[in-house]
Amino acid sequence: SYDQTLSAADLSYDIGFSDPQSDDRGQFKGTLSDLAFSGTSTVPTGVDAADMPALLEAGLAFDGQFTFASGTSTISGVSGSETFDMGTSSDGGVIGMSMDRQHLSYDLSQVGTQVRIAGSDIPFPLALSMAEAGIKLMIPLEKSQEEQDFAMGITLRDFVVPEMLWGLIDPTGQLPHDPATLVLDLAGKGKVLFDMFDPEAMKDVEKGNAQPGELNALTVNRLQVSAAGAELTGTGDFTFNNDDLTSFDGMPAPSGAANLKLTGANTLIDKLIQMGLMSDSDAMGARMMMGMLAVPGEGEDTLTSKIEISEDGQIHANGQRIK
């Protein structure tokens with residue numbers, strides 16, 4: 001058993017490579033400051049270190065977190081007449097990872113990210129920024145007929161694109177150029193029906209000769225999408241009947257409900273029509289769909305919707321049956 005901590009004032013790296021058969025070359029370099037790591041691990045003895053299934057079965061486990069206060073990186077390359085250059089910087093981040101016989105999980109996040117991209121195939125340099133970027137993933141590893149927990153999520157908060165790009169899409173400034181946000185947080189239960197460390201079992205799954213698993217339940221803890229003055233938020237909770245693969249065209253039949261809220265959609269559609277990016281007929285179709293699935297909510301240009309799916313396959317929107 002190990003209990004580890006590490007700290008370092010800074011880390012720098014500079015890697016260069018070249019193709020001996022051509023003039024192609026590249027470089028990757030960067031720095032990280034105020035690094036810290038803490039973690040625990042258990043490593044079984046008397047087991048072949050190359051036999052991952054045996055190690056996990058014998059109790060291999062680790063759980064650790066790596067943090068840094070700031071970082072920079074650059075990637076550049078030349079291939080014939082083509083060039084590419086990208087640079088990033090951030091105000092810190094966290095890299096978390098854990099693994100045992102049942103689960104593997106990652107939790108990665110970074111704040112204050114700045115990205116610049118240039119290259120011979122890019123008409124002008126791009127500069128992007130995000131207040132927060134993150135991804136999390138927890139997947140079950142053990143083959144079992146019992147339900148196991150899983151989770152996944154992505155966060156892109158306050159994503160800003162340069163005004164030069166906005167100028168190509170919206171030269172007259174009719175749309176709000178506010179930062180965009182995407183947040184999706186999912187959790188659920190499922191079954192793993194094959195040994196993912198068995199190469200033969202993996203081949204059977206890839207060939208479609210074996211079922212990899214079952215989805216039994218899914219919870220949308222949070223959904224948020226905002227851009228150009230419109231925002232969609234929601235939550236949901238569903239279970240899935242894996243014995244019914246006909247009601248929804250091969251997908252396990254879901255049952256449950258989702259609650260959604262949409263603001264600013266009609267205003268955005270009006271502006272897209274004025275800009276010539278959406279036709280009147282397309283706008284009419286979109287508004288008819290919103291009218292069928294949603295009802296007016298509190299506040300101006302606000303729609304809400306409760307989508308319910310019953311165990312017998314019926315779908316209701318705000319109490320009105322649509323399937």
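Tutor: Ala133 is found in strand β8, where strands (E, at least two residues) and helices (H or I, at least four) are DSSP runs numbered from the N terminus. At 18% relative accessibility, Ala133 counts as buried. Buried means under 20% relative accessible area, exposed over 50%, and partly exposed in between (1.4 Å probe, protein chains only). The C-alpha atoms of Ala133 and Leu245 are separated by 36 Å. Along the chain these two residues are 112 residues apart.

The model is predicted: local features need pLDDT of at least 70, side-chain atom pairs count only at pLDDT 80 or more, and totals for chains, interfaces and linings use all residues. Residues are numbered from 1 along each chain as its sequence is written, and side-chain values use heavy atoms, with hydrogens and water left out.

Now the partner of β8. Nine bridges join β8 to strand β9 (residues 148-160), and the two run antiparallel. Two strands pair if DSSP finds at least two bridges between them. Ile135 stands opposite Ile154 in β9. Strand β9 is also joined to strand β10 (residues 180-192), by ten bridges and again antiparallel. There, Leu156 has Leu182 in β10 as its bridge partner.

Ile135 also belongs to a nonpolar patch on the surface, together with Ile95, Met97, Tyr106, Leu108, Leu137 and Met152. Together they have about 540 Å² of accessible area. The elements giving two or more residues to this patch are β6 (93-99), β7 (103-119) and β8 (126-140). Patches are made of residues with over 30% relative accessible area and no salt bridge; like charges are joined within 9 Å, and nonpolar side chains (Val, Leu, Ile, Met, Phe, Trp, Tyr) within 5 Å. A salt bridge is a side-chain nitrogen of Lys or Arg within 4 Å of a carboxyl oxygen of Asp or Glu. Accessible areas come from the Shrake-Rupley method with a 1.4 Å probe, and for residues only the protein chains shown count as cover.

Take β6 next. Ile95 is found in this strand. At 41% relative accessibility, Ile95 counts as partly exposed. Ser98 is buried, with a relative accessible area of 19%. Its side chain makes a polar contact with the side chain of Ser105, at 2.5 Å. A polar contact is a pair of N or O atoms within 3.5 Å; within protein, one must be able to donate a hydrogen and the other to accept it, and residues adjacent in sequence count only if both atoms are side-chain atoms.

Elsewhere, strand β2 (residues 25-42) is joined to strand β4 (residues 70-79) by nine bridges, running antiparallel. Gly30 has Ser73 in β4 as its bridge partner. β4 and strand β5 (residues 82-90) pair in the antiparallel sense over nine bridges. Ser79 is bridged to Glu82 in β5. β4 and β5 form a hairpin with two residues between them, and Gly80 in the turn has a positive phi of about 65 degrees.

Finally, the whole. The protein has five helices and 17 strands. Its radius of gyration is 25 Å, well over the 20 Å that the globule rule gives for 323 residues, so the protein is more spread out than a compact globule. The radius is taken over C-alpha atoms, and the rule is 2.2 Å times the number of residues to the power 0.38. Of the 323 residues, 29% count as buried.
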